[in-house]
Amino acid sequence: MNKDALKKIFIQSLSGFLSLALAVVLFFAILKLNELRGALRWLIDVLTPFVYGGVMAYLLKTPCGFLERCFQAALPEKYKKWANVLSVVSVLLISVLVIYLLLSMVLPEIARSVVALAVAVPPKLDELTQWVIRHLEGNAELQSYVNETFQSFEAWLTNWASTDLLPTVQGMMDGVLTTVNSVVSTVGSVLTVVKNIVLGVIICVYALLGRKRFARHGKALVYAAFKPERADKVLKEIAYIDTTFVGFFGGKILDSAIVGLICYVFCAVMTAVAGFQNAVLISVIIGVTNVIPYFGPFIGAVPAALLILISSPRNCLIFLVFIVILQQFDGNVLGPKLLAGSVGLTGFWVLFAITLFEGMFGFVGILVGVPVFAVIYDLARRWTVAGLRRHGKLDVLQGDAGPDGKGGAP
């Protein structure tokens with residue numbers, strides 16, 4: 001028996017053994033599913049600080065790289081070795097400052113708006129009741145029914161505000177510790193959450209400081225595991241994934257910041273002209289929710305409009321018209337300019353990705369669904385184009401993709 005035959009028999013035997021081993025592993029995995037869930041939950045709890053640190057480091061690596069290049073250009077030659085450390089310290093300080101400024105602006109506005117809402121609703125309901133009664137004169141039965149309905153609703157709302165809402169707001173203002181306790185009571189102890197956050201920040205610092213070294217080690221592992229041609233393709237796909245995520249989140253954050261700033265300018269002008277209230281809170285709501293693809297503008301417009309509605313229905317209508325115009329500008333002009341080429345998905349696939357990943361992973365799926373699906377979509381597109389090229393049927397796409405496999409989707 002020659003060497004090639006032995007090699008073929010060995011490969012077939014190895015394939016059969018691995019298939020059998022995989023079947024046995026799957027059988028015991030199904031049999032011990034509850035134990036595996038417990039072990040997986042324990043592993044997730046242990047690795048939570050690394051998840052926090054990894055996400056923070058990934059979000060901060062782009063501004064950190066930019067600051068490092070700035071320090072490299074500005075520092076004298078003998079101090080250039082400190083550029084990386086200075087960039088990490090600077091980006092962390094800027095992040096803390098931004099978070100502090102947002103919280104210092106938003107939290108007092110939220111507390112004040114909730115209290116004002118609880119105080120303003122009963123008089124507004126009385127005004128609405130009187131308006132309805134005036135317009136229902138001549139129909140005593142309907143007038144009595146509407147009056148009783150409004151009175152019942154007002155009694156319920158007043159009771160809810162006094163027994164549930166106001167104590168909650170008061171508790172929020174009692175101190176940071178009370179607030180943290182109420183927020184994290186459903187996910188674990190305060191000590192565990194604080195520990196995970198602190199460890200996450202430390203891991204983030206280490207990851208940012210060693211990001212170039214980690215990249216070199218990862219590249220070395222890829223070339224050690226694959227042949228050079230295959231390794232080049234793997235690294236190319238990793239670079240595409242990184243570009244997609246960075247381009248999407250960076251562009252979306254910048255887009256949301258501009259939208260929030262435009263909204264604040266409008267609200268500030270309307271405050272002077274028409275007596276708008278809560279300009280800062282409304283602008284932050286619109287800007288933050290705009291990060292959510294597709295549904296974000298609608299999610300943010302509802303609570304913002306309700307805040308304005310309490311003080312003036314006319315101002316609420318003006319605000320809704322402005323939001324429609326702003327979102328048209330963002331969706332057709334600003335967003336495409338900032339996000340051009342970052343995901344390459346049509347509106348249909350964006351909606352599909354959000355719906356699918358929201359059902360699978362909840363709110364996190366809404367945030368990451370679009371770039372993740374964009375990567376999957378691009379891989380499927382390349383596979384399709386490669387298959388069509390092998391079979392000599394690339395013309396089936398009719399201009400959707402060029403000979404290089406790039407372009408529109410099949």
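Modeller: The residues lining the largest pocket divide into 40 nonpolar, nine polar and no charged. Here Ala, Val, Leu, Ile, Met, Phe, Trp, Tyr, Cys and Pro count as nonpolar, Asp, Glu, Lys and Arg as charged, and the others, Gly among them, as polar. This is a predicted model, in which local features need pLDDT of at least 70 and side-chain atom pairs count only at pLDDT 80 or more, while totals for chains, interfaces and linings use all residues. Residues are numbered from 1 along each chain as its sequence is written, and side-chain values use heavy atoms, with hydrogens and water left out.

Biologist: How is a pocket found, and how much space lies in the largest pocket?

Modeller: Rolling a probe the size of a water molecule over the atoms shows where empty space is left. On a 1 Å grid over the protein atoms alone, a pocket is an open set of points where a 1.4 Å probe fits, with protein on both sides within 12 Å along at least five of seven lines; lining residues have an atom within 4 Å of a point. Grid points are joined across faces, edges and corners, and a volume is the space filled by probe spheres set on the points. In this model the largest pocket holds about 2,600 Å³ of space.

Biologist: Which residues lie nearest the centre of the largest pocket, and which elements give two or more residues to its lining?

Modeller: Of the 49 lining residues, Leu 59, Val 98, Ile 99, Leu 102 and Ile 253 lie nearest the centre. The elements giving two or more residues are helices H2 (33-74), H3 (83-135), H6 (190-209), H8 (228-274), H9 (279-289) and H13 (363-390). H3 gives the most, with twelve residues. Helices (H or I, at least four residues) and strands (E, at least two) are DSSP runs, numbered from the N terminus. The chain has 13 helices and zero strands.

Biologist: How is burial read, and what share of the chain is buried?

Modeller: Buried means under 20% relative accessible area, exposed over 50%, and partly exposed in between (1.4 Å probe, protein chains only). Buried residues make up 29% of the 410 residues in the chain. Helix H9 is largely enclosed by the rest of the structure, because nine of its eleven residues are buried. Among these buried residues are Ala 279, Leu 281 and Gly 287.

Biologist: Where is Pro 108 found, and is Pro 108 buried or partly exposed?

Modeller: Pro 108 is found in helix H3 and is partly exposed, with a relative accessible area of 45%. Pro 108 and Leu 281 are 173 residues apart in sequence, yet 9.3 Å apart in space, C-alpha to C-alpha.

Biologist: What does Val 205 contact, leaving aside its neighbours within four places in sequence?

Modeller: A contact requires heavy atoms within 4.5 Å. Val 205, in helix H6, is in contact with Val 88 and Leu 92 once those neighbours are left aside. Val 205 counts as partly exposed, at 24% relative accessibility. Across the chain, among contacts between residues at least 6 apart in sequence, 63% join residues at least 24 apart.

Biologist: How are aromatic pairs described, and how many are found in the whole structure?

Modeller: A pair of aromatic rings is described by the distance of the centres and the angle of the planes. Rings of Phe, Tyr and Trp (its six-membered ring) pair if their centres lie within 6.5 Å; planes under 30 degrees apart count as stacked, over 60 as edge-to-face and the rest as tilted. A search of the whole structure finds five aromatic pairs. Phe 266 and Phe 322 are stacked, because their ring centres are 3.8 Å apart and their planes lie at 5 degrees. This pair links distant parts of the chain, with Phe 266 in helix H8 and Phe 322 in helix H11 (residues 313-339), 56 residues apart. Both Phe 266 and Phe 322 are buried. Ring pairs also link Phe 245, Phe 248 and Phe 249 into a cluster.
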